[in-house]
Amino acid sequence: MNIFASTALIAALVSAAPAAAQTAIGDLEASRSITIEGRVTDVFGNKFVLEDDSGRILVETGPAWWRTTEVSVDENVTVIGEPGASRTFDAFRIRHGDGREIVIREPDTPPPWAGQASPDGSERRLQRRADADDQREIDTALSTGIDLKKITEDAGYVFGYDVDRKKDHYEVEAFGPNGAEVELHIDFTGNIRRIAMDDPTYDDAGLRQIVENAGYEWRGDIDRKKKHYEVEAVNAYGERVELHVDYSGEIYKEKWD
């Protein structure tokens with residue numbers, strides 16, 4: 001995932017501003033100069049997706065070439081600002097849970113980056129490419145009502161933050177318990193329907209260790225398929241079985257041989 005960082009021209013940490021009434025993200029259309037609060041679900045350079053119980057919105061904090069705004073995934077923050085165009089929110093201030101506050105600009109004033117030169121030449125081309133990559137992922141983060149990170153972690157994988165939206169599913173980068181990189185295909189209902197790995201590297205010894213660590217007796221017959229290995233083994237009841245081991249090293253199916 002591309003995250004652009006630039007030298008910070010302004011870094012302001014000030015004391016907490018007077019409290020403002022909090023507004024649900026789902027009620028933003030008729031509101032201006034208000035305060036929202038939620039959990040950061042995704043970060044894209046100087047943009048991040050904020051979520052509360054009513055919905056999600058993309059928070060804008062200014063161009064990446066002007067300054068770097070530091071927020072973290074899963075952090076709870078309060079944002080003071082106003083609604084922008086197309087499901088965005090223009091931030092004036094960002095308040096962290098520990099009270100630190102980042103001042104971006106004051107309401108009803110031009111943004112501090114207005115009139116300043118943006119990158120040119122190769123830097124501008126790289127910036128456009130990064131913005132295009134980020135926008136695809138932003139569209140995914142805003143449009144899905146499912147928590148891809150939670151689904152990935154509930155299945156025993158480490159979420160990799162690289163997501164591509166396809167016609168009928170998401171392709172999510174993840175890492176198995178043994179550190180192997182995999183691609184999870186998660187449909188729009190939240191079900192993992194395929195686990196893919198571009199370059200399976202398990203040899204007989206590696207598969208045997210997986211099988212025996214799971215409590216099976218190794219029989220030594222291996223058949224590699226397109227998406228998994230089929231391995232003959234004996235289960236704890238002494239039954240001859242065929243195990244299906246995916247390319248991340250997980251045993252996901254057992255059937256009598």
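Colleague: Let's start with confidence. Which elements have the lowest and the highest mean pLDDT?

Modeller: The general idea is that where pLDDT is low, the predicted coordinates should not be read in detail. Here the chain averages a pLDDT of 75, and 72% of the residues score at least 70. Helix H1 (residues 122–143) has the lowest mean among the elements, 52, while strand S4 (residues 76–83) has the highest, 92. Residues 1–20 have a pLDDT below 50, although the model gives this stretch 49 contacts beyond near neighbours in sequence. Residues 121–130 also stay under 50, with seven contacts beyond four places in sequence.

Colleague: Thanks! Now salt bridges: how many does a search of the whole structure find?

Modeller: Side chains of opposite charge can pair when their charged atoms come close. The search finds 13 salt bridges. Take Arg39 and Asp74, whose closest N and O atoms are 2.6 Å apart. Arg39 sits in strand S1 and Asp74 in the loop between S3 and S4, so this pair ties together parts 35 residues apart in sequence.

Colleague: Is Lys149 buried or exposed?

Modeller: Lys149 counts as buried because its relative accessibility is 15%, under the 20% cut-off. Asp74, at 38%, is partly exposed.

Colleague: Which residues are linked with these in a network of salt bridges?

Modeller: The network links Arg39, Asp74 and Lys149 with Glu51, Arg56 and Glu153.

Conventions:
Residues numbered from 1 in each chain as written. Predicted model: local features only at pLDDT ≥ 70, side-chain atom pairs only at ≥ 80, totals over all residues. Heavy atoms only, no water. pLDDT = per-residue confidence, 0-100. Helix = DSSP H or I, 4+ residues; strand = E, 2+ residues; numbered from the N terminus. Contact = heavy atoms within 4.5 Å. Salt bridge = Lys/Arg side-chain N within 4 Å of Asp/Glu carboxyl O. Buried < 20%, exposed > 50% of the residue type's maximum accessible area, 1.4 Å probe, protein only.
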